[in-house]
Amino acid sequence: MDADGDGLVDWEEFKVAFGSLTNQMTDDEFMLSVRKNVVMDEAVQEGYMHPQKSRRYLQKTQINAVLSEGLEELVHTIYRNRVDLASGTMWDEHGYLPRGYQPLNPLEFLGNFVIDKLREAEERKEAFAAQERKRVEVAEMELDKPFSELTDLGKLRLLWNSLVPEGHNDINSSIPIQDVQEMGKNLGYPGTTVDEMLERMGYLEDEDEEEVLEFFEFEAVFAKLTEDFMPEEVDSYIMIQLGAPHLKHYDSRQKAQLVFAKLDEDRSGELELNEIVLLAKMLDPMAEEARIKKAVAYLDTDNSETVDSREFVEAMSQIFDNTDTAHVDAAITKILEIGVDAMDLATCHMSKALKAYVRGHGSH
């Protein structure tokens, strides 16, 4: 179609090319072809609309908005052009238009306008990406620090590293969108809610397409998923995903926070007091039960037999501080492996200990 090789197809070039393709058709054949190739789309009720994929492309690339801006600019340009023509400012002293003058071509004007705007947007995008890469490079320099000293970006970078294939933990990698859908469920959202959120963000538009997210896309989605979470809740989720290998980077409070988040799988925000006692005994079999009860009982100020996250962390961090680190980390590793079943394991452990105690006294 581009007969003059200028990289653009103007109206005259389009007519010539299109005419050569359709001049052998009858009127009925032409109309049938138009209906098949342009109008017959599942979303079209009457008149012309872009096919589904074309509409999604225009929305996602913001061409609609750019085109709307271009049409407005075109109106102003046509007005100025007519004023210049009517006022004679464009005419020479002999009353002629200058040699080589070309009248305003609206289609060409719009095409150039869209191309220029998209080029500017791409340049801004590249500049922003360069800034983001620099930001991530700075975050990567802190990854070996204790978890409490990491920035939010550093923590997210650790989470990203745990999601991408081993050996590909850089910002140029990508993860399947299914991983994010599963993440949303783990954060307590129904699957339909996660999908609706992703659709509003421009994902899940083509069921046949295997969508992936790059790091900065993942950062935006994760921020959306956790926008109503407290910072400590976000930290807990990240620590759970990182798993046992990162325990060495956590202090006692963070380990207690991690345990609570793992056991509170229904996100009720509470655990039963007797479960905490049994769990503490599992963590340190040599600890006296009376000392454990004393450490946690004062937290139940309303006699509800439950403890919330803050209360749990206060009590368990005291126990962790007074217990061998290797033993604590081994117990937490087991909790991370079996989740809420750790409560059953603790109960089982206490039952065996009680039986041994009774058998040892031989009083029955």
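Mentor: What follows starts with the salt bridges and then moves out to other parts of the chain.

Keep in mind that this is a predicted model. The chain has 364 residues, and 33% of them count as buried. Its secondary structure comes to 16 helices and four strands.

Now the salt bridges. A search of the whole structure finds seven of them.

Begin with Arg80 and Glu73. Their side chains meet in a salt bridge, with N to O at 3.2 Å. How covered are the two partners? Arg80 is partly exposed, with a relative accessible area of 42%. Glu73 is partly exposed too, at 30%.

Next comes Asp116 with Arg119. The closest N and O atoms of this salt bridge are 3.1 Å apart. Both residues sit in helix H5, which spans residues 106-140. They are three residues apart there, so about one helical turn separates them. Asp116 has 38% relative accessibility and counts as partly exposed. Arg119 has 44%, and it also counts as partly exposed.

The cut-off for buried is under 20% relative accessible area, so both values qualify.

That link across the sequence leads to the chain as a whole. Take the contacts in the chain with a separation of 6 or more. Residues 24 or more positions apart account for 59% of them.

Val277 lies in helix H12, residues 273-283. Val277 counts as buried, at 9% relative accessibility. The C-alpha atoms of Val277 and Met316 are separated by 9.7 Å, and these residues are 39 apart along the chain. Thr192 has its place in helix H8, residues 191-200. Thr192 counts as exposed, at 55% relative accessibility. Its C-alpha atom is 9.5 Å from that of Gln181, eleven residues away along the chain.

Now to Ser317. Helix H14, residues 309-321, holds this residue. At 5% relative accessibility, Ser317 counts as buried. What lies around its side chain? A polar atom of that side chain is 2.6 Å from the backbone oxygen of Val313. Set aside the neighbours within four places in sequence, and Ser317 is in contact with Ser252, Arg253 and Ala256.

An unreviewed UniProt entry puts the feature "domain: EF-hand" at residues 1-24, 251-286 and 287-322. Over residues 1-24, the chain is 50% helix and 0% strand. The end C-alpha atoms of that stretch are 18 Å apart.

Finally, the surface. The chain exposes about 23,400 Å², and carbon and sulfur atoms supply 52% of that area. One nonpolar patch on the surface is formed by Met1, Val9, Trp11, Phe14, Phe18, Leu21 and Leu107. Together these residues have about 690 Å² of accessible area. Which helix gives the largest share of the patch? Helix H1, residues 11-22, does, with four residues. Val9 lies in the segment before H1. Val9 is partly exposed, with a relative accessible area of 37%.

To recap the close look, keep two pairs in mind. Asp116 and Arg119 are three residues apart within helix H5.

Key: Residues are numbered from 1 along each chain as its sequence is written. This is a predicted model: local features need pLDDT of at least 70, side-chain atom pairs count only at pLDDT 80 or more; totals for chains, interfaces and linings use all residues. Side-chain values use heavy atoms; hydrogens and water are left out. A salt bridge is a side-chain nitrogen of Lys or Arg within 4 Å of a carboxyl oxygen of Asp or Glu. Buried means under 20% relative accessible area, exposed over 50%, partly exposed in between (1.4 Å probe, protein chains only). Helices (H or I, at least four residues) and strands (E, at least two) are DSSP runs, numbered from the N terminus. UniProt positions are given in the numbering used here, feature names are shortened, and annotations may be inferred rather than shown by experiment. Patches are made of residues with over 30% relative accessible area and no salt bridge: like charges are joined within 9 Å, nonpolar side chains (Val, Leu, Ile, Met, Phe, Trp, Tyr) within 5 Å. Accessible areas come from the Shrake-Rupley method with a 1.4 Å probe; for residues, only the protein chains shown count as cover. A polar contact is a pair of N or O atoms within 3.5 Å; within protein, one must be able to donate a hydrogen and the other to accept it, and residues adjacent in sequence count only if both atoms are side-chain atoms. Contact means heavy atoms within 4.5 Å.
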